[in-house]
Structure formats: structure tokens, C-alpha cells
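These are my notebook entries on what I looked up in one structure. I record each item with the terms it needs.

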Amino acid sequence: MFSKYANTLAAYERNTGSRHPLDTRSGVSLTSPLKRAIRGTDNLRNEEAELWYGDLTIGTPPQSFTVDFDTGSSDLFVPDEYCFANCGGHSTYDPSNSSTSKNMYTPFYLLYGSGEVLGLQYADTVNVGSYQIVNQTIGSAYVMSPEFSKPNFLPDGLSGLAFREISNLRPPTLMDNLNATGLLPRPVFSFKFSALANKSELIIGDVDNTTYKSNTLVSVPVTQKGYWQVNLDRLSSSTRQVGPSRNTSAIIDTGTTLILAPKAIVDDYFSTTEGAQCLPNGICTVPCARINGTEPTLTFAGRDFKVSPETWNLGPVTPGSSQCIAGLGSFYSILFVLTASFMIIGDVFLQNVFSIFNFGYPPEIQFAELV
């Protein structure tokens, strides 16, 4: 996870000429037509309730891919036809079979918490959620690290949905191009995540009002463009508010499973939980017999949203273990342990809410309880 954020923080500095406010590490260099009402729905599949992915096509005629839709990054990549490392079993992109493909003769390198990829940049037509986008920059990967090989990573690639400020590919981003089509009824995309089959979806340009309780809807302004970064009022356990978490910057990241926080917050949260253990890799465990009842509540814009036992308990550490993995962990890079001042809110929380990402002006995220 440190790798993903180090990479995108570096992109922010390169793209804007200044350091991101969350980049507090001293002495560390990071530089390595008419509108019509179309709702674009992409039904999502889930991989063991830890990763959700959907479909898009690239090229003319269209070549089909599955991708992880990730609000924690901004770039789109898929494996290239000539990919020679860890691409087996994935669908691959053949630019020579697309009449709309343009080689940009520009290499790329993308680093994620789950691995890394490198290859060449192309521009081509992309179809996603009923929308067609022309001249979209994509990364066509020749090399993918083992973390992206099957069965470690079931989607073919990844589609970032954050802002251009953290993009490592040539702009505009997919989100910019979607907005520029002029076809979106609203400049939004929305997510519903579920561990149940056929119950998850990404809606582009609209929301499904039947999936959430309208009287629980709150709006949280984006405080710094780049990431989907907002203010978290507080993190609370079942018995108390966690002191260090008050008014903390939080990045809403659909590409991350856990809720991640600085070590001080995590240690404080589990300090009163008997048998809790936090490992050097940032994973925290609780005795399986006691984990129910230890779920957190996250407060945004004055409203409490409780994490359910089903999404909080990620199961035994190993088969037969008496310790279960909790949905809150800490940054495990030594640099982030020492200096991180923000949280990353992943799918452990997002499965419990309907989330609306508004990239209009000003940008904001809305959360509501599910029906």
C-alpha cells in the first residue's frame, strides 16, 4: 500500500509542481453532443469480498477486459498482446487489431500496493457503462509483477477513477474524458458493494435511488483534489471515541480492502480489546470468539456509519486459527508509520454504504445507509 501512495504522491508533485499536503515525509524524494439521460451501469463481480471488478472494452472492433475500478488511483492499464511476464490467463490488448489505436511512443511504469506494471502508452476508444470515450490514454503492459498474475488477481487490469493530479499516464484521465463527452446526466459515479453474487454495481452518470435510505444521505467535500480525500469526523469503537482520529484526512479508496490508519490510531483502537494483536505487516487480529462487537463506527459530516460484523471479520488468519483478521490495520512502511497523518477507507467500510463520487465543482462524496 505504501508503494501505491508513494507513486501517486510523486505524480501529484510532478503534475502540480508542489507537494501534496498529505506528503509529510521529511527528506524523502518522491520523484521516481446534447445531454441525454443515459445511465451507464457496470455490474461488478467480487473476489472473496476483497476486490470488486467489472467490464470495459478497448479498441475498434472492441476487445473485452475486466478491470478493478479503483478510486485510489487515476490510470487505466491492461496487459499487452506481447506481455511476457505474469500475464497468462488474462485477456490481452492487441493495438494492431484496432483501427482507432494510436501508439504514443511513451513508456510508463505504475506502482501499486498490490504490485507493479510497465509498458507503452496508447490512445484508443474505450467503452464503459454505456459510454464511448475516444482517444483515451491506456497503459498496455508488457510486464506485470506476480501480484497481478492469475489467480492472485482475477481482473485483467485496473481502471483508476481518481483525479488527474495523481495520474502517471498522459492526460486526460478516464474520468475527465467521461465528463467531456457531454452525455452524463450528472458528473458522478456511484458504487454499491456486496459480498453476494449479482448485488454489486458501478453506475456512471447517475445513482440508483432505490438502493439507499435518502434520509441518511450526507455530503462530504473533497478537501484536496488528487485523491478522493475528505475529512473524517472521528473513528469510534463500541465503547468510546478513538482520540487520535478526530478530524482526520481520509482517502476513500475502492481499490483497498481494509480501513488503514496511522499506528497511533490503530493501537488506541485495539488497546481495550482483550487478545488483540497487531502484526509487523500492519494486520491486526482479534480472537474469533470475541471479534463480534468490536466493529467501528465512522462519522462523516456528523452522521455515524457503523461497520457490520460481516464486513469487519475477514476470517481466521489461517484455517483453524483462533485469531481472526479485523478490518482495521496500520501502515506497515516505516516511513508511513512515523509520519502518516491520514487514513485510507477501503471496502470493509464501503460495503456498508451507498457511495456517490461527484467530480463536478466543487467535488464531493456522498454516503448513505443501504436499504
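Entry 1, a glycine in a loop. I located G88 in the loop between β4 and β5; strands here are DSSP runs (E, at least two residues) and helices are runs of H or I with at least four residues, numbered from the N terminus. I noted that G88 counts as exposed because its relative accessibility is 54%. The term exposed means over 50% relative accessible area, buried means under 20%, and partly exposed lies in between (1.4 Å probe, protein chains only). I then looked up S149, which is 61 residues from G88 in sequence but 6.9 Å from G88 in space, C-alpha to C-alpha.

The model is predicted, and local features need pLDDT of at least 70, side-chain atom pairs count only at pLDDT 80 or more, and totals for chains, interfaces and linings use all residues. Residues are numbered from 1 along each chain as its sequence is written, and side-chain values use heavy atoms, with hydrogens and water left out.

Y93 lies in the loop between β4 (76-79) and β5 (102-112) and Y122 in strand β6 (residues 115-128), so the pair links distant parts of the chain, 29 residues apart. I found both Y93 and Y122 buried. The rings of F148 and F153 have centres 4.9 Å apart and planes at 85 degrees, so this pair is edge-to-face. Both F148 and F153 are buried. I also listed one aromatic cluster, formed by W52, F163, F189, F191, F193, W228, F357 and F359.

Which residues of helix α3 (residues 263-270) are buried? I recorded I265, V266, Y269 and F270. They line one face of α3, because seen down its axis they fall within an arc of 115 degrees, the arc being that of the directions from the helix axis to the C-beta atoms. In general, an α-helix has 3.6 residues a turn, so residues three or four places apart point the same way.

Technical notes. Rings of Phe, Tyr and Trp (its six-membered ring) pair if their centres lie within 6.5 Å; planes under 30 degrees apart count as stacked, over 60 as edge-to-face and the rest as tilted.
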